[in-house]
Amino acid sequence: MTVRLVDSGWGAELTAALRADTSEFRVICPFIKAGALDRLLSLNPARIQVITRFNFDDFAAGVSDIAALRMLLDAGAQVRGVRKLHSKLYLFGNRAIVTSANLTKAALDSNHEFGLVTDDVLIMATCRAYFDELWQCAASNLSHDHVDAWEEVVTRCRALGGRPSSQTSLGDYGANADGVDVPPVRMPTVMADARQAFVKFLGDGDNRVPLSFATIDEIERAGCHWAVAYPSSKRPTGVQDEAIIFVARLTRDPNDIRIFGRAVGMKHQPGRDDATAADIALRPWKKKWPRYIRVYRAEFVAGRMENGVSLNELMDTLDADSFAPTQRNAARGEGNADPRKAYRQQAAVELSVEGLSWLGERLQAAFDKHGTVPQDTLHQLDWPMLPDVSPEGGG
């Protein structure tokens with residue numbers, strides 16, 4: 001009987017455990033992303049039971065996937081929800097894993113998450129007893145009908161910007177686990193799980209702002225707390241769902257571009273994501289920039305533009321590896337590999353993996369140093385009205 005302490009490589013640990021014994025795969029995990037789940041379901045576990053959270057705010061924020069719930073149901077899993085769930089437990093036929101790692105790519109592949117892997121009979125029995133107790137508290141199973149209805153609600157919420165407010169919530173359809181200890185949950189970042197990331201530019205060469213310009217004034221001017229705009233001549237078809245959108249403003253003294261915010265983007269849908277007459281009346285410049293990438297979970301550095309991150313510094317540091325197109329061209333040995341030429345006359349530019357990592361770390365450092373624009377302040381800005389939705393709950 002063994003107990004091993006582990007602080008990294010959880011993707012390999014879960015995969016190895018399931019390959020060793022596919023007779024059961026029982027999971028307690030607050031946040032589950034489809035990309036992390038897919039690799040485990042591909043091993044075809046015989047019996048799948050999952051306890052997770054059914055909090056719509058989690059799904060709207062992108063820290064957990066409704067698509068993952070659908071994948072589980074399609075694989076024949078039983079899925080139940082518990083409110084305020086924080087525990088992470090993975091049970092297999094011949095071992096148990098207790099860890100801080102959620103079922104997300106970041107947690108399994110890159111984060112330093114701590115826990116243990118064991119085949120000790122007593123520990124496994126205790127873990128199974130805990131699972132069974134929580135399973136009974138969780139009540140009924142999730143159905144495909146629930147998933148269909150929930151997906152519609154969450155998609156609409158995201159399209160309306162996921163308006164921040166401490167006073168409102170989309171709802172939580174998990175059960176109350178009375179008598180079972182479920183500590184408070186800290187919502188993780190979605191950065192490391194992003195498949196795409198872009199820097200979206202605001203302003204142009206003839207319309208730069210000084211570094212002393214207040215970030216909140218730019219947010220209010222641009223409406224970038226719920227959408228970023230593209231020109232009428234080009235729909236932004238290259239942006240996929242859950243891409244990270246770094247929001248940047250052209251500045252002067254010196255001429256630079258300062259990244260002052262980030263959000264999660266939605267794939268462009270013609271019609272839904274075109275400026276309305278009311279949008280143009282509020283911001284007349286949208287007549288020439290009517291195409292949207294809608295965003296949600298937006299956060300911006302507080303204070304002035306100088307508190308943001310310099311794009312020049314990114315390009316000086318990483319050169320061709322700053323952006324995906326220049327990195328590809330450099331690897332092929334043909335085409336433009338100069339990052340300063342790559343973004344000229346463009347509404348946005350796609351970051352490389354290295355660019356995403358570099359920029360994400362430095363923007364987070366700016367948030368930590370200068371603070372972020374309060375969510376209550378963003379709440380007071382213009383937003384499309386969030387519909388009064390009351391989906392039929394379950395689980």
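1. With a relative accessibility of 0%, D273 counts as buried, a term that stands for under 20% relative accessible area, computed with a 1.4 Å probe and protein chains only, whereas exposed stands for over 50% and partly exposed for what lies in between. The model is predicted, so that local features need pLDDT of at least 70 and side-chain atom pairs count only at pLDDT 80 or more, while totals for chains, interfaces and linings use all residues. Residues are numbered from 1 along each chain as its sequence is written, and side-chain values use heavy atoms, with hydrogens and water left out.

2. D273 sits in the loop between β12 (256–265) and α9 (277–282), where helices (H or I, at least four residues) and strands (E, at least two) are DSSP runs numbered from the N terminus. Leaving aside residues up to four places away in sequence, D273 touches K267, H268, P290, R291, Y292 and R294, a contact being heavy atoms within 4.5 Å.

3. Which side chains make a polar contact with the side chain of D273? One is the side chain of R272, at 2.9 Å, and another is that of R294, at 2.8 Å; such a contact is a pair of N or O atoms within 3.5 Å, and within protein one must be able to donate a hydrogen and the other to accept it, while residues adjacent in sequence count only if both atoms are side-chain atoms.

4. N55 lies in the loop between β3 (48–52) and α3 (56–61), and it counts as buried because its relative accessibility is 12%. Not counting residues up to four places away in sequence, N55 touches G171 and D172.

5. L5, found in strand β1 (residues 3–6), counts as exposed because its relative accessibility is 60%.
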